[in-house]
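What follows is a walk through one protein chain, from its overall make-up to a few local details. Please keep the sequence and the coordinates open while reading.

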Amino acid sequence: LGLRAALSTARWGYRHARGLTSKRAATELLRDLHNVAAEAAGFARKAKELRRRITPTLHALQVLTLMRAEEALGSVDGKRILEVGTQDGGLFAHLRAAGADAWAIDLSRRVDDPRVLCGDFMTAPLPHRFDAVVGTAVFEDGSGWTAARGSDDVALLRRLHEVLVPGGVVVVENIGYPVPFSVEAARAHGFAVVETGVPAHAFTEQGRGCALRARRPTPPLPR
C-alpha cells in the first residue's frame, strides 16, 4: 500500500499503481525499481571517480572523454587512439602514460611531439586507421568548427568511419554545444550507439556527449 500511494503521487504513477492488482505486474515493477536504484548508485560511483580523476592537466571534459573511451574499449592500453584538437596536450599525455598508442591532430601545433600532427582532421592525410577517435569541445553543432565548414554531419560521419578500424570507437564530449549529428544519422552511416553509463548529458538525450562504434566495413586505409 505504501508503494501504491507513492506511485499515485507521480504523474506517471497511476497506471503503475493500477497494475499492482496483478502479482506479476507488481513483481516486474519492483524489479524495474531495483534496476533504477542500482543504476543510480552506479552513476554516483562514476561521479566520484570523475571528481577524483580531475587534475591540473586533465579537466572535467577530458576525464569524461577518457571514461567513455575506457568503457567502450575495455582499456586504452595498447589501443591506437587519435585525439582531435589536442590543445595543450593533457589528454594526449595521459593516454600515452596509460599505454595507448596515442596520436593527435590540431589546426595549430601546441605540443612538441612527432605524433601530434598539424592539419584539418577532415582533410589531412593520416598514417593509419585507429581503434578510437576522441574529441573534447571540437565537434560541436553551432560552434566555430561547424561555422567554418558548414553543418555537414554526413561528411563528418563518413570521415570518422573512414579513419576507424572495424569496430572502432568515436567519443565526443562537448560543453557548450550539442553533438552535430543525430542518433538516426549516426546509425544510417554505420555506427551503433555505445551505452557507457558515464554521468553526463547523453547523446541519446540530444545532449553534448556520445560514444559510437563503427559497424560496417569501409574502404581500406594503410594500417
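Helices (H or I, at least four residues) and strands (E, at least two) are taken here as DSSP runs, numbered from the N terminus. This is a predicted model, in which local features need pLDDT of at least 70 and side-chain atom pairs count only at pLDDT 80 or more, while totals for chains, interfaces and linings use all residues. Residues are numbered from 1 along each chain as its sequence is written, and side-chain values use heavy atoms, with hydrogens and water left out.

The protein chain has 8 helices and 7 strands. Of its 223 residues, 43% count as buried; buried means under 20% relative accessible area, exposed over 50%, and partly exposed in between, with a 1.4 Å probe and protein chains only. A contact is a pair of heavy atoms within 4.5 Å. Among contacts between residues at least 6 apart in sequence, 61% join residues at least 24 apart.

Confidence comes next. The pLDDT is the predictor's confidence in each residue, from 0 to 100. The protein chain averages 77, and 67% of the residues score at least 70. Confidence is highest in β1, at 96, and lowest in helix α6 (residues 144-149), at a mean of 50. The pLDDT is below 50 over residues 199-206, a stretch that has 28 contacts in the model beyond near neighbours in sequence. It is also below 50 over residues 219-223, where the corresponding number of contacts is 13. Where pLDDT is low, the predicted coordinates should not be read in detail.

Which residues of helix α5 are buried? In this helix, which spans residues 90-97, they are G90, L91, F92 and L95. An α-helix has 3.6 residues a turn, so residues three or four places apart point the same way. The cover over the buried residues of α5 includes α4 (60-73) and the strands β1 (80-84), β2 (101-106), β3 (116-118) and β4 (130-136). Just after α5, G99 takes a positive phi of about 95°.

The axes of α4 and α5 come within 10 Å and cross at roughly 35°; axes are lines fitted to C-alpha atoms, for helices over the stretch in contact, and angles run from 0 to 180 degrees between N-to-C directions. On the α4 side the contact is made by Q62, T65 and L66, and on the α5 side by G90, L91, H94 and L95. These residues divide into 3 nonpolar, 4 polar and no charged, where Ala, Val, Leu, Ile, Met, Phe, Trp, Tyr, Cys and Pro count as nonpolar, Asp, Glu, Lys and Arg as charged, and the others, Gly among them, as polar.

Strand β4 holds D131. D131 counts as buried because its relative accessible area is 16%. A polar atom of the D131 side chain lies 2.7 Å from the backbone nitrogen of R80. P125 sits in the loop between β3 and β4, and is exposed because its relative accessibility is 73%. P125 and V163 are 38 residues apart in sequence, with their C-alpha atoms 9.9 Å apart in space.

Two residues other than glycine remain. Q87, in the loop between β1 and α5, has a positive phi of about 55°. Its relative accessible area of 29% makes Q87 partly exposed. A137, in the loop between β4 and α6, has a positive phi near 55°. A137 is partly exposed, with a relative accessible area of 36%.

Terms used:
A polar contact is a pair of N or O atoms within 3.5 Å; within protein, one must be able to donate a hydrogen and the other to accept it, and residues adjacent in sequence count only if both atoms are side-chain atoms.
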